[in-house]
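Please keep the sequence and the structure in view while reading.

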Amino acid sequence: MNAAPATSIVAAEGVARHYRLARTSLFGPRRHLTALRGVDLAVPPGDRVGVVGESGSGKSTLARILLGLERPDEGRVTYGGQDLARAAERDLAGLRRDVQIVFQDPMGSLDPRLTVADIVREPLRALRIETDHDARLAELLDAVRLGPEAASRYPHEFSGGQRQRIAIARALAPRPRVLVADEPVSALDVSVRAQILNLLADLRDAYDLALVLISHDLAVVRHVCDRVLVMHLGEVVEEGPTERLFTDPQHPYTRALLQAIPTIGGGLPAAPLAADDPPSPTELPVGCAYASRCPHVFDRCHAERPPLAGPSERDAGIDTAAQRAACHLAFSGALPPFDRQAAAAGRHATAPEGRPATAPEGRPATPPEGRPATPPEGAPATPPEGGPATPPEQDR
Ligand SMILES: Nc1ncnc2c1ncn2[C@@H]1O[C@H](COP(=O)(O)OP(=O)(O)O)[C@@H](O)[C@H]1O
Ligand code: SF4
Ligand SMILES: [Mg+2]
């Protein structure tokens, strides 16, 4: 476990989470599923960190634990260096105010009986934040680019992208210092995804927000995050500065994820993840949990679990900015050179599930400044600001 710097707004230190599963028979053994093990993640002010991995790798469990919605079975979560599990009840609301979350499904996370005004003001009431609630509402609707007329409408009157803007406005209401976004664009149409990612990047800068952006798609985090954690079966298997991970990934799993990013215009085909035999999270192996999927596996991998380590640690102690990988072959030069062309081809794509990213109206998919493409205002994917809902089927 790495002790998080005291300056971190929120940190997970050596966090493990095991879920108890129901017995399959009356006298059968009690089974446990390991959703997280040995996870360290420190979020200092202004940090922009991506958390990526396939479905089931533990990303949402980590988000819930960071938010204090679930307690870890091992390790601890600290807010400003203070152990969340030991914080006095009266301090919790103040601590929790600093960390807010946006979920994948904006419809499911918004109360359909409340107006947008009530939804956005609700955390101000719940956390007893003394400020002019109406003024804050107006500021937030403007910040997420919904007009003031949105305030009196209900969630079902909005498109998917607009609903996610409402969810973001609500999350920002208490002026958090960290926003955790769990698959915030996965449920949205490709062109709407780009708008929401651009909005998150703008808000990040405007409010000096730290951001934990969770996605199963590495391409989504590339534009927004300065560093990335790659998760596999509950473990962080690689972490480092975003560009280093894209150009010189040291873990075979990171390489497989990068090669699975779809490409634009049919250039390079997206390679599927290797023919897979992932271990069950209820029976993790002694050695490397990626061994049954890894094209580079050798004897030691089955016997010894590789630690998350980087070359700098051998010389100069732990450098949190450095790249680290949990692979016996990382940084050794023994892995073949990474196919940089395939990684570069994935740079601008934001379309998981085998769908190519589409650029509206013949524009390049990525504008020169390197941000994901956003359709022009008033294009079908974006109803007029605060305007009536686009029928959901057009926006999803
Ligand atoms: N409440 C729960 N009870 C049992 N297993 C769970 C529970 N929540 C998550 N899991 C399991 O934990 C693992 C990690 O899940 P999750 O954190 O949702 O992954 P991700 O968000 O990366 O898809 C998965 O195997 C999932 O089935
Ligand atoms: S430790 Fe071995 S099995 Fe695991 S990723 Fe590295 S080479 Fe592959
Ligand atoms: Mg999830």
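How many contacts beyond four places in sequence does the model have for residues 346–396, over which pLDDT stays under 50? The model, which is predicted, has 109 such contacts for residues 346–396.

**Confidence**
- The average pLDDT of the chain is 82, and 78% of the residues reach a score of at least 70.
- A further stretch, residues 264–272, also has pLDDT under 50 throughout; for this stretch the model has 18 contacts beyond four places in sequence.

**Overall architecture**
- The chain contains 14 helices and 11 strands.
- It consists of 396 residues, of which 44% count as buried.
- Of the contacts between residues at least 6 apart in sequence, 67% link residues at least 24 apart.

- Strands of a sheet pair through backbone hydrogen bonds, either parallel or antiparallel.
- In this chain, four strands make up an open sheet with antiparallel pairing, in the order 2-1-4-5.
- Strand 2 and strand 5 (82–83) lie at the edges and have a single partner strand each, so one side of each has no neighbour in the sheet.
- Strand 4 (residues 74–79) and strand 5 run antiparallel and are joined by two bridges.
- Thr-78 has Asp-83 of strand 5 as its bridge partner.

**Helix 7**
- Helix 7 covers residues 190–206, a total of 17 residues.
- From its first C-alpha to its last, helix 7 reaches 25 Å, close to the 24 Å expected at 1.5 Å a residue.
- The buried residues of helix 7 include Val-190, Arg-193, Gln-195 and Leu-200.
- Just after helix 7, Asp-208 adopts a positive phi of about 50°.

**Ligand 1**
- The residues around ligand 1 include Tyr-19, Leu-33, Ala-35, Lys-59, Ser-60, Thr-61 and Pro-281.
- Strand 2 (31–43) and helix 1 (59–67) each contribute at least two residues to this shell.
- Helix 1 gives the most, with three residues.
- The shell around ligand 1 comprises four nonpolar, seven polar and one charged residue.

**Ligand 2**
- Ligand 2 is surrounded by 13 residues, the closest being Cys-288, Ala-291, Cys-294, Cys-301 and Cys-327.
- The shell around ligand 2 has 10 nonpolar residues, three polar residues and no charged residues.

Notes: Residues numbered from 1 in each chain as written. Chains lettered and ligands numbered in written order. Predicted model: local features only at pLDDT ≥ 70, side-chain atom pairs only at ≥ 80, totals over all residues. Near = placed C-beta within 6 Å. Nonpolar A, V, L, I, M, F, W, Y, C, P; charged D, E, K, R; others polar. Expected span 1.5 Å × (residues − 1). Buried ≥ 20, exposed ≤ 12 C-beta atoms within 10 Å, placed from the backbone. pLDDT = per-residue confidence, 0-100. Contact = placed C-beta atoms within 7 Å. Pairing = 2+ DSSP bridges.
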